[in-house]
Amino acid sequence: MKRALLTILALLALTAIGLFAFRGPLSLALMDRTLKRNMAADMAKDLPDGLHAYVCGSGSPLPDPQRTGPCLAVIAGQRVFLVDAGEGAAETLARGNLAAGRIERVFLTHFHSDHIDGLGAVALQRWVGKAATTPLMLAGPQGVERIAAGLGEVYAIDNGYRTGHHGVAVAPPSGAGFVARPFVLPPGPSSLVVLDEGGLKVTAFRVDHGPVEPAVGYRFDYRGRSLVVSGDTATSANLVKASRGADLLIHDALSPTLVRRMQAAALDAGMRNRGKILGDIIDYHASPEQVADQAKTAGVSAVLLTHIVPPLPLKALEGPFLGDSRKRFPGQLWIARDRDLISLPAGSEAISLSNIGR
Ligand SMILES: [Zn+2]
Ligand SMILES: [Zn+2]
């Protein structure tokens with residue numbers, strides 16, 4: 001008995017020594033296998049026909065180790081669009097195996113830096129990912145021309161390096177940079193169809209992110225399914241109107257209770273500027289409870305809260321963040337995480353959420 005035990009222990013020790021000695025080759029074999037799988041992966045290809053939303057960033061301007069900047073990919077059939085691209089968007093797209101080369105255009109909700117500061121990396125990945133021969137299209141309210149021109153200038157020198165290094169077949173100069181597709185929203189509460197082709201309709205509508213103007217949200221309708229992206233907004237009658245009967249409302253959310261605690265800590269620490277800014281941001285985003293109330297009024301089926309302010313480093317903070325919102329809205333209400341995928345398959349009423357990628 002004792003001898004058998006010693007033999008087992010010796011074998012275990014030898015195995016451990018073997019694994020230790022071969023950990024380099026083993027890790028390389030694992031790397032090769034993972035690369036093979038990831039390089040060939042294409043998330044959009046495997047989705048059923050319908051409307052899908054992939055969260056390529058659920059964060060805000062506040063540093064958050066769990067969330068990259070605001071970004072949402074909307075997949076309609078096999079067409080891929082982005083709504084905003086904050087810092088880290090390209091990375092979170094890659095982690096979900098959503099190839100940047102598939103992006104047809106980016107709809108911008110407004111020009112706050114946290115919604116556009118990931119565009120450079122997205123444009124580069126799209127360009128060289130498929131040897132694009134046309135620049136990345138940025139659609140948005142007036143002002144988007146300046147964003148496209150300014151970012152184009154920022155990356156012009158780098159673009160030259162890429163073409164020079166990799167050749168025109170990989171990085172054709174005509175595909176570098178950005179092209180603007182501005183639209184003008186009529187005054188007041190009316191909305192504007194900004195894309196209508198192949199069964200997909202995208203409608204822009206004004207929201208209330210004052211003093212930031214213009215600020216818009218978008219509604220996507222495709223094969224009987226619909227989702228609304230709020231952009232950044234406080235409560236907005238216009239958003240409720242645009243969201244009527246939608247399957248999914250994806251809305252920014254800020255907890256005044258938690259932000260006030262941050263503000264108090266900043267002021268206690270003598271950080272007057274930070275305290276002032278934290279106070280200023282409270283009234284230009286909706287709270288989770290306000291989103292729940294609006295979603296109920298609009299009759300939407302499900303809500304995804306995103307642009308989460310402040311960061312929630314502990315799972316236990318989700319309760320205080322949500323307050324009574326789950327009691328106030330009868331449908332599903334989720335807090336978005338990076339790499340969440342919400343699917344609205346055509347020909348059904350199903351709404352499913354999963355967290356994908358790596
Ligand atoms: Zn924002
Ligand atoms: Zn904003």
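Biologist: What makes the largest nonpolar core, and which residues have the most contacts inside it?

Modeller: This is a predicted model, and its largest nonpolar core has 81 residues. To belong, a residue such as Ala, Val or Leu must be buried and joined to others through C-beta atoms within 7 Å. L72, A73, V106, L227, L248 and V303 have the most contacts inside that core. In soluble globular proteins, nonpolar side chains tend to be buried together.

Biologist: Take A73, then. What is A73 in contact with, leaving aside its neighbours within four places in sequence?

Modeller: Y54, C56, V80, L82, L93 and L98. Contact here means C-beta atoms within 7 Å.

Biologist: Why is H110 called buried?

Modeller: The cut-off is 20 or more other C-beta atoms within 10 Å. H110 has 22, so it counts as buried. H110 sits in the loop between β4 and α4.

Biologist: Which residues is H110 in contact with, beyond its neighbours within four places in sequence?

Modeller: H115, H209, V212, P214, A215, G231 and D232. As for D84, which is 26 residues apart from H110 along the chain, their C-alpha atoms are separated by 8.4 Å.

Biologist: How do you know that the span of helix α4 agrees with what it should be?

Modeller: At 1.5 Å a residue, the 12 residues of α4 (residues 119-130) should span 16 Å, and the end C-alpha atoms are 17 Å apart, which agrees. Just after α4, A131 takes a positive phi of about 50 degrees.

Biologist: Which residues of α4 are buried, and what covers them?

Modeller: L119, G120, V122, A123, L124, Q125, R126 and W127 are buried. The cover includes β3, α3, β4, β5, α5 and β6.

Biologist: And how much of the protein counts as buried?

Modeller: 40% of its 358 residues. The secondary structure comes to 11 helices and 15 strands.

Conventions
Residues numbered from 1 in each chain as written. Chains lettered and ligands numbered in written order. Predicted model: local features only at pLDDT ≥ 70, side-chain atom pairs only at ≥ 80, totals over all residues. Helix = DSSP H or I, 4+ residues; strand = E, 2+ residues; numbered from the N terminus. Expected span 1.5 Å × (residues − 1). Buried ≥ 20, exposed ≤ 12 C-beta atoms within 10 Å, placed from the backbone. Contact = placed C-beta atoms within 7 Å.
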